[in-house]
Amino acid sequence: MRTYLRWWLMGLLVVLLAACTSTPATPEPAKIHYGETMCADCGMIINEPKFAGSIAVEESPGRYQSLPFDDIGDMLAYLRKHAAIIPAGVWVHDYTSEEWIDATTAYYVESEQIKTPMGHGLAAFATQAAAETFAAEVDGKVLDWDHIRIEHAMADHHH
């Protein structure tokens with residue numbers, strides 16, 4: 001009975017220690033402290049939730065590091081510069097609710113009228129309808145995740 005208890009306690013200790021480390025065991029967006037956290041791409045302080053993005057990268061099996069970005073365009077640039085990185089998760093904030101949403105299923109509006117921290121002119125929306133409504137207001141175009149990555153790779157040449 002005693003050895004069983006000892007193993008159980010050791011197992012519990014391992015679980016508790018694992019819970020205390022800063023790298024989450026599941027992919028999740030970075031914990032951004034607005035006005036303090038720095039963008040992983042450009043190093044600027046992140047101030048605006050509506051344009052912030054995040055990727056999670058598996059550092060070792062079952063351990064993830066979350067990287068914060070001040071601008072969706074910076075996040076796309078980072079993914080391009082580090083092509084070997086296969087993100088375990090990618091998130092953006094819904095422009096309207098400022099809630100984290102899955103970047104791969106979001107709809108994006110690209111327009112010069114959208115003033116983003118690094119001037120990429122991108123806003124994300126959880127639904128296509130919301131994106132289309134906003135696009136009409138800012139004379140923008142609606143793109144999905146695959147298209148935004150292609151278009152933005154080309155757009156980088158004029159910045």
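These legends describe close-up views of a predicted model.

**View 1. K81 and D41 form a salt bridge.**
The two side chains meet at 2.7 Å, N to O. The pair joins distant parts of the chain, 40 residues apart. K81 belongs to helix α2, residues 72-81. D41 sits in the loop between α1 (2-20) and β1 (53-60). K81 counts as exposed, at 55% relative accessibility. D41 is partly exposed, with a relative accessible area of 21%. The structure holds four salt bridges. Side chains of opposite charge can pair when their charged atoms come close.

**View 2. Y95 and F134 pair within an aromatic cluster.**
What is the geometry of the Y95 and F134 pair? The rings are tilted, with 4.7 Å centre to centre and 45° between the planes. Y95 is in the loop between β3 and β4, whereas F134 is in helix α3, residues 128-138. The pair therefore links distant parts of the chain, because F134 and Y95 are 39 residues apart. F134 counts as buried, at 11% relative accessibility. The cluster is made up of F51, Y95, F125 and F134.

**View 3. E151 and K141 tie a helix to a strand.**
Their side chains form a salt bridge at 2.8 Å, N to O. E151 lies in helix α4, residues 145-155. E151 is partly exposed, with a relative accessible area of 24%. K141 also counts as partly exposed, at 40% relative accessibility.

**View 4. Helix α2 is largely enclosed by the rest of the structure.**
Why is α2 described as largely enclosed? Eight of its 10 residues are buried, so the rest of the structure encloses most of the helix. The buried residues are I72, G73, D74, M75, L76, A77, Y78 and L79. K81, also in α2, counts as exposed. At the start of the helix, a side-chain oxygen of D71 reaches to within 2.9 Å of the backbone nitrogen of G73.

**View 5. F69 and Y78 form a tilted aromatic pair.**
A search of the whole structure finds six aromatic pairs. In the pair of F69 and Y78, the ring centres are 5.2 Å apart, with 55° between the planes. Are these two residues buried or exposed? F69 counts as buried, at 0% relative accessibility. Y78 counts as buried too, at 12%. A pair of aromatic rings is described by the distance of the centres and the angle of the planes.

**View 6. The largest nonpolar core holds 25 residues.**
Which residues touch the most other members? They are I55, M75, V92, Y108 and W145. The elements giving two or more residues to this core are β1, β2 (63-69), α2, β3, β6 and α4. Helix α2 gives the most, with five residues. M75 is also one of the buried residues of α2.

**View 7. Strand β6 is covered on both faces.**
On one side of β6 (residues 122-125), L122 and A124 are buried. On the other, A123 and F125 are buried. Strand β5, residues 107-110, runs antiparallel to β6, and four bridges join the two. A123 is the bridge partner of V109. F125 also belongs to the aromatic cluster with F51, Y95 and F134.

**View 8. The S66 side chain meets the backbone of E28.**
S66 lies in strand β2. S66 is buried, with a relative accessible area of 19%. A polar atom of the S66 side chain lies 2.6 Å from the backbone oxygen of E28.

Methods:
Residues are numbered from 1 along each chain as its sequence is written. This is a predicted model: local features need pLDDT of at least 70, side-chain atom pairs count only at pLDDT 80 or more; totals for chains, interfaces and linings use all residues. Side-chain values use heavy atoms; hydrogens and water are left out. Buried means under 20% relative accessible area, exposed over 50%, partly exposed in between (1.4 Å probe, protein chains only). A polar contact is a pair of N or O atoms within 3.5 Å; within protein, one must be able to donate a hydrogen and the other to accept it, and residues adjacent in sequence count only if both atoms are side-chain atoms. Rings of Phe, Tyr and Trp (its six-membered ring) pair if their centres lie within 6.5 Å; planes under 30 degrees apart count as stacked, over 60 as edge-to-face and the rest as tilted. Two strands pair if DSSP finds at least two bridges between them. A nonpolar core is a set of buried Ala, Val, Leu, Ile, Met, Phe, Trp, Tyr and Cys residues joined through side-chain atoms within 4.5 Å.
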